[in-house]
Amino acid sequence: KVTLLADYEQPAYLVDEALLQFDLDSAKTRVVSTLTMRKNPQGPEADCILDGEALTLVSLKLDGKKLEGNQFQRTTSQLLIPNLPDKFELEIITEIEPDQNTALEGLYYSGSILCTQCEAEGFRRITYYPDRPDVMSVFTVTIVADREKWPVMLSNGNMEDQGVFDDGRHWVRWHDPHPKPSYLFALVAGDLHVQQDSFTTQSGREVALRIYVDPENKHKCDHALTSLKQAMKWDEDTYGREYDLDVFMIVAVNDFNMGAMENKGLNIFNAACVLATPETATDDDFYTIQSIVAHEYFHNWSGNRVTCRDWFQLSLKEGFTVMRDQSFSADLNSAAVQRIDDVNGLRSMQFAEDAGPMAHPVRPDSYIEISNFYTVTIYEKGAEVVRMINTLVGDEEFRKGTDLYFDRHDGQAVTTDDFVKAIEDANAVDLSQFKRWYEQAGTPELTIDTNYDPIEHRFTLTVTQACPATPGQATKQPFHIPLAVGLLDKSGTSLDMQLEDEAEPHHGDTRILSVTEASQTFEFINVSSEPLASVLRGFSAPVKLKYDLSNHQLAFLMVNDKDSFNRWDAGQKLIINILLELVADIQQNNPLVLSSLLVNQFERILTDKKLDPALIAKMLTLPTENYLAAQMTTPDVDAIHQAREFLKRNIAVSLKGLFNQTYEKLSVKKAYDFNADDMAMRSLKNVCLSYLVASGDPLQLQRCLRQMKQADNMTELLAGLRLMVDQSGLERENALRSFYEQWKQDRQVVDKWLAVQAASTLPDTLIRVKGLMKHEAFSIKNPNNVRALIGMFCRNNPVHFHAKDGSGYRFLAEQILVLDKLNPQVAARMLGALNSWRRYDEQRQQLMKQALESIAEQQDLSADVYEIVTKYLAAE
Ligand code: ARG
Ligand code: ZN
C-alpha cells in the first residue's frame with residue numbers, strides 16, 4: 001500500500017490527554033490507555049480510526065460503557081469506531097508480548113531491559129492510537145512491575161510519584177507537560193546503573209542528567225555526559241534554545257535498529273553510540289558519540305517542541321538537526337576535518353542513492369514503508385539543503401529565521417514549507433526557487449567553463465547546471481545554488497573579485513555567487529593576471545562538479561588553495577585521475593608507472609609544518625574502492641583494487657623514510673586524551689603505519705605488532721589489527737585470537753573484531769564470515785552484530801562481495817530472507833548493498849538480478865523488503 005503526500009488530510013479526532021498504565025510482565029504486558037479525545041474542528045467528517053498492530057484487544061470502553069463487538073470494526077492494522085460524540089473518553093485495554101518482538105519496534109526486550117522504539121510507527125504496536133505525528137497529546141504514564149526484576153522504571157517528562165505494593169511490585173508515575181506525538185513516547189524498565197550529573201541552563205533551571213546502563217558498563221558513561229553538557233551549552237549559545245524539563249535521561253541498550261532516538265526527556269541509544277572508554281572505543285567512536293548525543297539532544301527543539309506534520313516532512317527535523325550537529329562538531333573540533341568527513345559521507349553514500357532506483361526528494365511524495373525513508377537523502381542531503389539556506393541568507397539572518405521558526409511553531413506539527421517561510425519572513429528574502437531542493441531528486445551537475453582576457457583584464461566564469469532524471473521525475477527545473485568561489489594568482493595569492501556591474505571590488509578570499517539559471521555567466525573585471533578559480537569552496541552545494549583542471553592545476557590547488565576543504569578535494573581529484581589512469585592501464589595490460597607529481601605533493605604535505613596533522617592525514621588517505629567505483633561508467637572492482645594497492649605500495653616505497661620519521665616523531669608516550677590535537681596525531685601516526693606496512697617490508701609488520709602490544713587505547717590497537725588482518729599467516733591468527741581473548745566480554749569491541757575480519761582482503765574472507773556467524777560472539781538477532789559482520793562484508797569489501805562467481809550476492813540474499821522474518825528494518829537496510837547493481841558489467845548484473853529475484857519471489861515479504869526489492873528490479 002502506497003501512502004501519498006497529496007492525500008494528506010488533517011486528523012478527524014484529536015487526543016488532548018493520554019493516560020497510560022503498563023503492567024509489565026515477562027511474557028505479557030497489559031496496557032490500559034485512557035484517551036481524552038475530541039473531534040478536530042479543522043478535520044474532515046470521518047470515523048475515528050486508531051492504528052494498532054500485533055495487539056490483543058481485551059476491552060474497549062466509551063465514556064465508561066463497554067463497547068460490544070458490533071459497535072466497532074477491526075482489521076489487522078486498524079480499529080474503527082463510528083458514531084462518536086464531539087468529546088469523549090476512550091478506555092482501551094490491550095495485551096502485548098515483548099519477548100516475541102524481534103523487530104525491535106514497539107515494546108521489546110534488549111537483554112533483560114524492556115525498552116521501546118516508536119518512531120516512526122511503533123507506538124501502534126503498544127496500543128490502539130491515532131499514530132501520526134500531527135496528533136499531539138499530554139502523556140501521563142504509570143508503570144507497575146516486580147520490584148526485584150525491574151527496579152528502574154522510566155518514561156518521558158518528570159517523575160511525579162511512586163510507591164510499593166505488598167505483593168513485591170512497585171509503581172511509578174511520569175508526567176510530560178509538553179504535548180507530543182506518539183512517536184516520541186518511551187518506556188524503559190530494568191536493573192540499571194545510573195550515572196548522574198547536572199546542568200544549569202542559561203535562565204537558571206537546574207537539570208538532572210542521568211545515563212542509565214547495564215551495571216557492567218558503568219565505567220563507560222563519562223564521555224557521553226561531557227558531550228551532553230557541551231551540546232546543552234552550545235544550543236543555548238548558538239540557537240538560544242534551552243532545555244525544558246527537570247531531568248534529561250539517556251539509556252543505552254544493546255539491541256537497536258538505528259543509532260539513537262530522541263524520545264522527549266528519555267533518549268534511548270544504541271549502546272555503541274553512547275558508551276566509550278579510551279581502552280574500548282576509537283577516536284572515531286568518541287567523535288561519533290559526541291555528535292549523536294548532541295544530535296538527539298538538539299531534537300528537543302528541532303523535532304520535539306516543533307515536530308513534523310506527517311512523515312513526508314521527516315527532513316524538517318532530521319535535515320535541520322544533522323546540520324545543527326555538524327556545526328556543533330565543527331565548532332568543538334577541527335572545522336575543516338568535519339567538513340571533509342561530512343562531504344565524503346555525502347558523496348559516497350547519498351550521491352549513490354540519488355543516482356539509483358531508490359532516489360527520492362528531500363521531501364518525498366510517496367512511500368510504501370516509511371522506515372525505508374530514514375535515508376542519507378533525508379538526513380545528509382537534507383542537512384546540506386539547510387546549510388545552503390544559511391549560506392544564502394548569512395549567519396545572523398539565518399539565526400533570525402530559526403528564532404522566528406521556533407517561536408512561531410512551538411507546540412505545532414509543521415512542514416518543510418513552514419521552515420522555509422520562517423526564514424523568508426524573518427529576512428524578507430525569496431526562497432521560492434530554492435525550494436526545488438526539497439522537491440526534485442537527483443544530484444545536479446555543474447559544468448564550469450572559464451576564460452581570461454589578458455587585454456581587458458576580464459575573467460569569465462560560466463556555470464551550466466543539469467540534473468539527471470530520477471524515478472518518477474523525467475525533467476528538472478534549475479536549482480538555486482550558492483557557489484562559493486575564490487580566484488588565485490600564480491603565486492597562490494587571493495585576487496579581489498569585482499563583478500561587472502559592481503562599483504566596489506570584493507575583498508577577502510571567497511565570495512558566494514547565486515546561481516539560478518540553467519546557464520549563467522559571471523564576469524569579473526580588473527583581474528590583473530590570469531587566475532585559477534577555486535570553485536565550490538567548502539562544498540557550498542551538494543552537486544557534482546565538472547571542471548576540467550589538469551593534474552598540475554590540481555596539484556597547485558592541493559598545496560595553495562586558501563580553502564582547506566578545496567585543498568583536500570583537489571588532492572582527492574588528482575589521486576582519482578591517477579588511479580583511473582592506472583585502472584585503464586591494468587585493463588589494457590600496460591605497465592604501471594607511479595606518478596611523481598603525486599609523490600612530490602605528498603612529500604610537501606607531509607613536511608608542511610603549518611598544516612594541521614589531522615588534515616595531513618586526510619590528504620594522504622586514498623579514496624575508497626567504492627568511491628572509485630562510483631567514478632567509473634562500469635566499475636571494474638578487481639582493477640580498482642589492484643590500482644589502489646599499486647599506488648599505495650609505491651607511494652610507501654618512495655616516501656618510506658619520511659613516513660618512518662613522522663611515525664617515530666608522533667610516537668611519544670602520553671596518556672590518552674580525547675582532544676583535537678591528540679586525535680590528529682594519532683590519525684596521522686596510523687596513516688603513516690598503514691603506508692609503512694603497505695611498503696611490503698616485513699620489518700614493518702613487527703612495528704605494527706609492537707604498536708598493538710604497546711597501545712593503551714583502542715585507536716592504536718585497532719589500527720594495528722586492521723593492518724594485520726590483510727596479512728596471511730600465523731601472526732595474523734595470533735593477533736585475532738589474543739584480541740578476542742582480551743575483549744570477548746565487551747560487545748562494542750567484539751563488533752570491531754567481527755568487522756575487521758569481514759573487511760579483510762584475504763581470499764577466504766566469505767568462508768570466514770560464514771564461520772563467524774556460528775561463533776559465540778554473533779547473533780543474527782542483534783543488529784550491531786549483523787551490521788558488523790554481514791553489513792561490513794557486503795558494503796565495505798567490494799572485491800569479495802562482487803566476486804565473479806556471485807557467491808557474495810547469494811550470501812546476501814540468503815541472509816536477507818532469514819533477517820526479514822526477524823527484523824524487517826535491518827533486512828531492508830542490508831539490501832542497500834545492491835543499490836547500484838545496474839552499473840556493473842553484464843555478468844555481475846545478471847548475478848545480482850538473480851539474487852534480487854530470489855528475494856522478490858518469496859511469499860510474505862515484509863513491506864520494508866518488498867518496497868526496496870521491487871524498486872530495485874523495476875524497469876529503468
Ligand atoms: N529519529 C532518530 C534519529 O535520527 C532515528 C529514528 C529511528 N527510526 C527507526 N525507524 N528506527 O535520531
Ligand atoms: Zn535525528
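**Reading a ligand shell and a strand pairing**

Mentor: By class, five nonpolar, four polar and four charged residues make up the shell around ligand 1. Ala, Val, Leu, Ile, Met, Phe, Trp, Tyr, Cys and Pro count as nonpolar, Asp, Glu, Lys and Arg as charged, and the others, Gly among them, as polar. This is a predicted model: local features need pLDDT of at least 70, side-chain atom pairs count only at pLDDT 80 or more, and totals for chains, interfaces and linings use all residues. Residues are numbered from 1 along each chain as its sequence is written, while chains are lettered from A and ligands numbered from 1 in the order in which they are written.

Trainee: Which residues are the closest to ligand 1?

Mentor: A residue is near a molecule if its C-beta atom, placed from the backbone, lies within 6 Å of it. Here 13 residues surround ligand 1, and the closest are E119, N257, M258, M261 and S371.

Trainee: Which elements each supply at least two residues of that shell?

Mentor: Helices (H or I, at least four residues) and strands (E, at least two) are DSSP runs, numbered from the N terminus. Here they are β20 (260-261) and α2 (283-298).

Trainee: How many bridges join β25 to β26?

Mentor: Two strands pair if DSSP finds at least two bridges between them. Strands β25 (residues 445-453) and β26 (residues 458-466) have nine and run antiparallel. E445 stands opposite A466 in β26. The two strands form a hairpin with four residues between them. In the turn, H457 has a positive phi of about 55°.

Trainee: Which way do β25 and β31 run, parallel or antiparallel?

Mentor: Parallel, with three bridges joining β25 to β31 (residues 544-546). T447 has K546 as its bridge partner in β31.
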